Amino acid sequence: MIGQLHSIVIDCPHPSELAGFYEKLLSLSRLEDASEFVVLGTTAGTEIVAFQHVHDFRPPQWSVPEHPQQMHIDVMVADLDVAEPQVLALGATLLDGSDKPVGYRVYADPVGHPFCLVTPLE
């Protein structure tokens, strides 16, 4: 083993705002909260994801090669139809998906990073 994953860092225009979205989406806690950098993790103190301020942030665009997605997170849920209104209420935007409650749907977070809600295969 060369190393272990420490955290995922996401560029964004306003770290505190985007961290608030993921805080609720992933049930994480703020471990560090500064104007330029916010870290979320578990209540046990394990870092999971961080958000850093980028002055000239350009959001990705889903399925547009000239503006690649850069990264995305898959979030496991039991039912897409139950989870969807909750993430939309947090500020997400539906990008692509299925009308079935099993599978996946692609959303953008409030600054344009894509993420997927996924369900276990039946």
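Student: Which residue of β8 does Val75 stand opposite?

Tutor: Val75 stands opposite Leu117 in β8. Keep in mind that this is a predicted model.

Student: How many bridges join β5 to β8, and are the strands parallel or antiparallel?

Tutor: Strand β5, residues 73-76, runs parallel to β8, and 4 bridges join them.

Student: What about β7 and β8?

Tutor: Strand β7, residues 104-108, pairs with β8 over 5 bridges in the antiparallel sense. In that pairing Val106 stands opposite Cys116.

Student: And what sits between β7 and β8 in the hairpin?

Tutor: There are 5 residues between the strands, and Gly112 takes a positive phi near 105°.

Student: Which residues are on which side?

Tutor: Pro114, Cys116 and Val118 are on one side of β8, with Phe115 and Leu117 on the other. Both faces are covered.

Student: Changing topic: how many salt bridges are there?

Tutor: The count comes to 5 salt bridges.

Student: Which residue does Asp81 pair with?

Tutor: Asp81 forms a salt bridge with Arg105, with the closest N and O atoms 2.8 Å apart. Arg105 lies in strand β7 and Asp81 in helix α2, residues 80-90, so the pair ties together parts that are 24 residues apart in sequence.

Student: How accessible are those two, Arg105 and Asp81?

Tutor: Arg105 has 3% relative accessibility and counts as buried, because the cut-off is under 20%. Asp81 is partly exposed, at 41%.

Student: What else forms a salt bridge with Arg105?

Tutor: Glu84 does, with the closest N and O atoms 3.1 Å apart. Glu84 is in helix α2 and Arg105 in strand β7, so this pair ties together parts that are 21 residues apart in sequence. Both Glu84 and Arg105 are buried.

Student: Which residues do salt bridges with shared partners join into one network?

Tutor: Glu23, Arg30 and Asp33 are joined into one network in that way. The side chains of Arg30 and Asp33 meet at 3.2 Å, N to O. Arg30 is partly exposed, with a relative accessible area of 27%.

Student: Last one, where is Ser7, and what does Ser7 touch?

Tutor: Ser7 is in the segment before β1, which is 8-12. Not counting residues up to four places away in sequence, Ser7 touches Glu47, Ile48 and Val49. Ser7 counts as buried at 18% relative accessibility.

Technical notes
Residues are numbered from 1 along each chain as its sequence is written. This is a predicted model: local features need pLDDT of at least 70, side-chain atom pairs count only at pLDDT 80 or more; totals for chains, interfaces and linings use all residues. Side-chain values use heavy atoms; hydrogens and water are left out. Buried means under 20% relative accessible area, exposed over 50%, partly exposed in between (1.4 Å probe, protein chains only). Helices (H or I, at least four residues) and strands (E, at least two) are DSSP runs, numbered from the N terminus. Two strands pair if DSSP finds at least two bridges between them. Contact means heavy atoms within 4.5 Å. A salt bridge is a side-chain nitrogen of Lys or Arg within 4 Å of a carboxyl oxygen of Asp or Glu.
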